[in-house]
Every structure is written in structure tokens, then in C-alpha cells.
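Dear colleague,

Here is the structure you are taking over. My notes on it follow below.

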Amino acid sequence: MPRRPGLSARLKLTLSYTGFLAVAGALLLAVVWVFLLRYVPDNSQGLLGISPNRYLLVRTFAPAAAVAMAFLLVFGLVGGWILAGRMLAPLTQITDAARKAGNGSLSHRIRMKGRQDEFRELSDAFDSMLQRLESHVAGQQRFAANASHELRTPLAISRTLLDVARKDPTRDRGELIERLHAVNTRAIDLTEALLLLGRGDRGNFRREGVDLSLVAEEAAETLLPLAEQRRITLDVTGGAARTSGSAELLLRMVTNLVQNAVVHNLPSGGTVTVRTEEHGDTSVLRVENTGRRLPPDLVATLTEPFRRGTDRVRTDEHAGVGLGLAIVDSIVRAHDGTLDLAARPAGGLLVTVRLPGTRPA
């Protein structure tokens with residue numbers, strides 16, 4: 001919004017210093033007049049004919065007072081301008097950094113030196129904001145690049161299949177249709193996952209009372225055939241864990257966690273344990289599974305979109321798009337909760353979701 005030009009902060013501070021100094025000088029001169037000159041006799045000879053009278057003192061004191069006041073004004077202007085410049089120098093650094101950030105340079109940091117004061121606190125807070133903003137922008141750029149790559153892959157495969165069919169009319173069309181169907185299904189699943197991830201990030205959903213224990217049972221019942229096919233024991237235990245949020249999103253969250261635990265498990269004979277409970281004002285959901293040992297540096301990155309560790313890449317019919325745990329993390333944050341991932345010493349993963357609890361009506 002355009003505004004009319006005004007005085008700079010440095011000039012305002014300078015005028016304030018000068019005005020304060022002038023007022024202090026005037027008060028000092030007034031004190032001298034009131035408590036000294038008024039008691040001097042006002043006659044032609046002065047006290048006993050030898051002391052100066054008030055008339056002579058005033059004529060002598062007034063020019064000196066005027067010179068002193070002029071000196072105070074000049075000293076206040078010059079000194080105030082210098083002091084204001086020194087005081088506002090950190091603010092100039094912050095302003096320059098803000099301009100650079102506005103032009104797209106988020107890597108610049110102020111790193112103000114000196115002792116801790118208000119400007120140093122503002123500088124540190126601004127540096128922290130730039131660091132978080134740079135990390136967020138970099139994450140969004142990686143997400144956009146990865147999403148474009150993931151969406152381009154099925155489209156490129158479809159175009160290749162169609163080019164082959166056009167160049168070879170004798171090719172089996174049934175096989176072509178099946179492969180195109182599989183590629184399109186994967187593209188649709190990826191698009192729906194991206195939309196769900198964006199919906200969770202926006203947090204625009206209607207909240208209602210949800211019991212995580214019932215949601216866990218529903219997710220386990222849906223994925224039980226998959227667990228039996230892989231010879232995985234799926235167990236749901238615990239008590240009620242009530243929270244407030246979107247039942248659809250919370251069901252997707254639990255389903256993703258359970259499916260992830262089933263798919264990334266031992267070839268056979270593995271286990272998946274889902275437990276719900278309440279701790280004070282917090283509802284807790286834990287999903288624990290057996291499997292291969294996971295390095296800590298891999299676990300720390302599993303919630304990043306399109307992140308697939310070497311030990312977690314699958315090429316079978318349940319190959320994911322790398323958004324399962326990213327969607328879970330997005331839904332948890334949208335519900336004001338926390339998500340913790342920890343590698344089990346014996347192998348596998350322990351996922352803990354903590355959401356704000358609610359009391360039953």
C-alpha cells in the first residue's frame with residue numbers, strides 16, 4: 001500500500017534527542033534564575049555598594065545562556081544523529097536481509113555479532129525464519145520435481161505402449177490393454193495420493209468425534225486378506241482412544257500404517273501389532289511390525305514425499321509411490337498431533353501417533 005513519504009526514524013530520534021537536551025538546558029537555566037538571581041538585590045549600587053545588582057547579572061548571564069543553549073542545540077543535533085545511526089545500524093542489516101529475501105535469496109543470514117539485546121533477538125528470530133522458509137521452499141521444489149517425475153513415468157509408459165501397438169498391428173491387444181490398465185491405475189492412485197496429501201496439508205475438513213480403536217479394527221479387517229496372503233499375524237489390542245478430526249482421513253492414516261507394516265515385513269511368519277490407548281489428554285496409536293533392520297538415517301527420512309529406502313523398494317503388486325508415510329505425517333499434523341518413527345533393534349519399525357484426546361459425551 002503506497003504511503004506518503006515521512007521523516008526517517010534516524011531523523012526522528014535525532015530531533016527527540018535534541019529536544020530533550022534543549023528542554024533540560026532550559027530547565028537548568030530556569031532553576032538558576034529562580035533560586036539564584038531572584039535573591040540578588042535589584043538596586044543601582046548592589047549589596048553594600050560593592051556587589052553586582054540583578055540588572056548587571058542578567059545582562060552578563062543572558063548572552064552566556066543564549067550561547068549555551070545554541071551549543072546544546074548544535075551538540076544535540078550532531079550527537080543525536082551519530083547516536084541514532086549507531087543504534088539503528090542493526091536494523092539496517094535486518095532490512096537489507098529482508099530485501100534480499102524478498103528478491104528470492106533465502107540463503108543469506110544476518111548472524112549479528114555482539115551482546116544479547118532486542119536487536120540481536122530480532123536478528124536471530126529472522127535468521128531462524130529464513131532457515132525454516134528456505135527448508136520449506138526446498139522441500140516444495142523437491143516435491144514438485146518428484147511429483148512431476150512420478151506422473152511423467154506412467155504417461156511415458158502409456159505413450160510407448162501405444163506407439164508399439166501403432167507400429168505393430170499384429171500385437172496382442174489383450175496384453176496391451178492389461179498393461180495400459182495397470183499403468184493408468186497406478187497413475188490414478190498417485191493422483192489421489194497427491195490430492196489427499198494436499199487436503200491434509202490444508203486442514204480444511206470437518207471435525208467429529210473418532211475412536212481410534214474402532215478405526216484400527218476397521219483398517220485391520222480390510223487388510224486381513226493381505227496379511228493372510230503374506231502369512232503375517234495381524235493383531236489389534238488396546239482400549240478406546242478418542243480424538244476429534246476427520247474419520248475418513250484418520251482411517252486412511254491407520255490403513256496406510258497397517259498396510260506399510262504388512263508389506264514391509266518378513267517374507268513369512270512376521271507380525272503386525274496395532275495398539276490404541278489413552279494417556280491423560282492424549283490418544284495414542286502404535287503400529288509395530290517385524291522386518292529387516294533399518295538404519296536410523298533411513299528412518300529419519302521415511303516421511304518425506306517419494307522417499308524410498310533401499311530396503312523398502314518393492315516391485316510386486318503392492319509397490320507404492322512413496323507417499324504412504326508422507327500422507328500419514330500430513331494427516332497427523334493437520335490433527336495437531338505428533339508422529340514418531342523408531343527402528344526396532346530386532347528389525348522392523350515402531351510408529352507412534354499421538355493425537356489430542358477428547359472426553360466422551
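How many residues does helix α5 have, and how far does α5 reach from its first C-alpha to its last? Helix α5, residues 212-229, has 18 residues and reaches 26 Å, close to the 26 Å expected at 1.5 Å a residue. Please keep in mind that this is a predicted model.

There is a kink of about 50 degrees in α5 at Leu223, shortly before Pro225. Leu223 is also among the buried residues of the helix, which include Leu212, Val215, Ala216, Ala219, Ala220 and Leu226. Just after α5, Arg231 takes a positive phi of about 60 degrees.

Next, the sheet. Five strands form an open sheet in the order β2-β4-β5-β7-β6, with mixed pairing. β2 (233-238) and β6 (338-343) stand at the edges with a single partner strand each, so one side of each has no neighbour in the sheet. On average, neighbouring strands are turned by 15 degrees against each other, direction ignored. β4 (residues 271-279) pairs with β5 in the antiparallel sense over eight bridges, and Val274 stands opposite Val287 in β5.

Two helices lie across these strands. α5 lies across β2, β4, β5 and β7, running at about 170 degrees to β2. α8 (residues 324-334) lies across β6 and β7, at about 145 degrees to β6.

On confidence: the mean pLDDT of the chain is 81, and 84% of its residues reach 70 or more. Among the elements, β5 has the highest mean pLDDT (95) and helix α4 (residues 173-202) the lowest (74). Over residues 309-319 the pLDDT is below 50. Where pLDDT is low, the predicted coordinates should not be read in detail.

Regards

Note on methods. Residues are numbered from 1 along each chain as its sequence is written. This is a predicted model: local features need pLDDT of at least 70, side-chain atom pairs count only at pLDDT 80 or more; totals for chains, interfaces and linings use all residues. Side-chain values use heavy atoms; hydrogens and water are left out. Helices (H or I, at least four residues) and strands (E, at least two) are DSSP runs, numbered from the N terminus. The expected span of a helix is 1.5 Å times one less than its number of residues. The bend at a residue is the angle between axes fitted to the seven residues ending there and the seven starting there. Buried means under 20% relative accessible area, exposed over 50%, partly exposed in between (1.4 Å probe, protein chains only). pLDDT is the predictor's confidence in each residue, from 0 to 100. Contact means heavy atoms within 4.5 Å. Two strands pair if DSSP finds at least two bridges between them. Axes are lines fitted to C-alpha atoms, for helices over the stretch in contact, and angles run from 0 to 180 degrees between N-to-C directions.
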